[in-house]
Amino acid sequence: MRRVSRIAVAGVATASLAVALSACGGSSTSASSGGSAKTKGIGLAYDIGGKGDQSFNDAAYAGFQKAETDLKIGGRDIEPQDGESDADKVQRLEQLAKSGYNPVIGVGFVYAPAVKEVAAKYPKVTFGIIDDEQDKAANVADMVFHEEQASYLAGVAAAKATKKNHIGFVGGVDIPLIHKFEAGYVQGAQSVNPKIKIEKQYLTQTPQEGGFSSPDKGKDAAEGQIEAGADVIYAAAGLSGQGVIQSAASHKVWAIGVDSDQYKQDALAKYKDYILTSATKDVAGAVYNLAKSVADGKPATGVVRASLATGGVGLADSNPAFKSNADLQAALKKAEAGIKDGSITVKTS
């Protein structure tokens, strides 16, 4: 798996105080089972691909940094390992909780079993998980998003931007979460042109096969779709999406980013003229808000779902070519209004 260098996330003014540790490495202070009301600050455990993916994990890192800075708290963030097991994730979360961090957040649905297990051992610690709502424990916040709504808008944008009436979708892993991205994108595109041709491909069947962490796989998939005739490609593939963006730029066609505003990412700067927009979800806000709720003494728990109406998902408008396209913007405005007032129901599968 290819790693990229740690970057400063746009909008965050200060460098993190965190120390990246291996799954089992690093020292921890002792604490009695059950945790403590006292906290050292925020603990964050990254998803597959780790920090530097210019997407999902980096959005979480931005929220982590903001919490450290604005709330004046400490923090520790820990990277994943290649080929790790659920037991490794359990140990990572337990290390953070036992060391006195609160909240402890698992970035990604892959943490669901680990959060369930460790939250039961540390009932005084607030746990958060992004992109999963299976665990209904009293000390767990399930931070989820209407990704399909932002993806619908991405589909509208793609259908308006294509010159060939032929677009593409690259999903990282063939799972229900990513099906939401595909479903919204297809529906949005077909709302503009019911006959539009849409290429679709999933990189792997499981996360362990590298679907979210392999830019080379993303690049190969995009090359195939571009060769087939697609001139706008939307990638919901984490770190693998960088390969999609690279391929799109090399062929001078449009890419649509995901999770973070990828037009503004330093590591993707040389490709930005070909990043039409990004379907964003406010992972940074979710991480920050949970940390703030704990710092305020009123920990958020239960399902916390962000939508277009709450501002938790949307489309980035950093690219001037996107923002200045009047026809595209009018179509997006109409679609957004329909989703918000309920006249458009976006599919999730």
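Which exposed residues does the face of H10 turned away from its buried side carry? They are Ala326, Lys333, Lys334 and Asp341. Here exposed means over 50% relative accessible area, buried means under 20%, and partly exposed lies in between (1.4 Å probe, protein chains only).

This is a predicted model: local features need pLDDT of at least 70, side-chain atom pairs count only at pLDDT 80 or more, and totals for chains, interfaces and linings use all residues. Residues are numbered from 1 along each chain as its sequence is written, and side-chain values use heavy atoms, with hydrogens and water left out.

Start with the whole chain. It has 10 helices and 12 strands. Both are DSSP runs numbered from the N terminus: helices are H or I with at least four residues, strands are E with at least two. Of the 349 residues, 60% count as buried. Contact means heavy atoms within 4.5 Å. Among contacts between residues at least 6 apart in sequence, 71% join residues at least 24 apart.

Now the interior. A nonpolar core is a set of buried Ala, Val, Leu, Ile, Met, Phe, Trp, Tyr and Cys residues joined through side-chain atoms within 4.5 Å. The largest one has 64 residues. Ile130, Ile178, Tyr185 and Tyr234 have the most contacts inside it. Helix H4 (residues 147-161) gives the largest share, 9 residues. Apart from this core lies another, of 20 residues, among them Tyr101 and Ile129. Tyr234 touches Phe181, Tyr185 and Ile256, among others, not counting residues up to four places away in sequence.

Helix H5 (residues 176-192) comes next. Of its 17 residues, 12 are buried, so H5 is largely enclosed by the rest of the structure. The buried set includes Ile178, Phe181 and Tyr185, but also Lys180, Glu182 and Gln187.

Back to H10 (residues 326-341). Its 16 residues should span 22 Å at 1.5 Å a residue, and the end C-alpha atoms are 23 Å apart, which agrees. The expected span is 1.5 Å times one less than the number of residues. Leu328, Ala331, Leu332, Ala335, Gly338 and Ile339 are buried. Seen down the axis, the buried residues of H10 fall within an arc of 125°, so they line one face of the helix. That arc is taken from the directions from the helix axis to the C-beta atoms. These buried residues pack against H4, strand E12 (313-315) and helix H9 (320-323).

Look at the helix ends. Asn325 caps the N-terminal end of H10, with a side-chain oxygen 3.3 Å from the backbone nitrogen of Asp327. Just after H10, Gly342 takes a positive phi of about 90°.

Note on methods: Polar contact = N/O pair within 3.5 Å; in protein donor to acceptor, adjacent residues only side chain to side chain.
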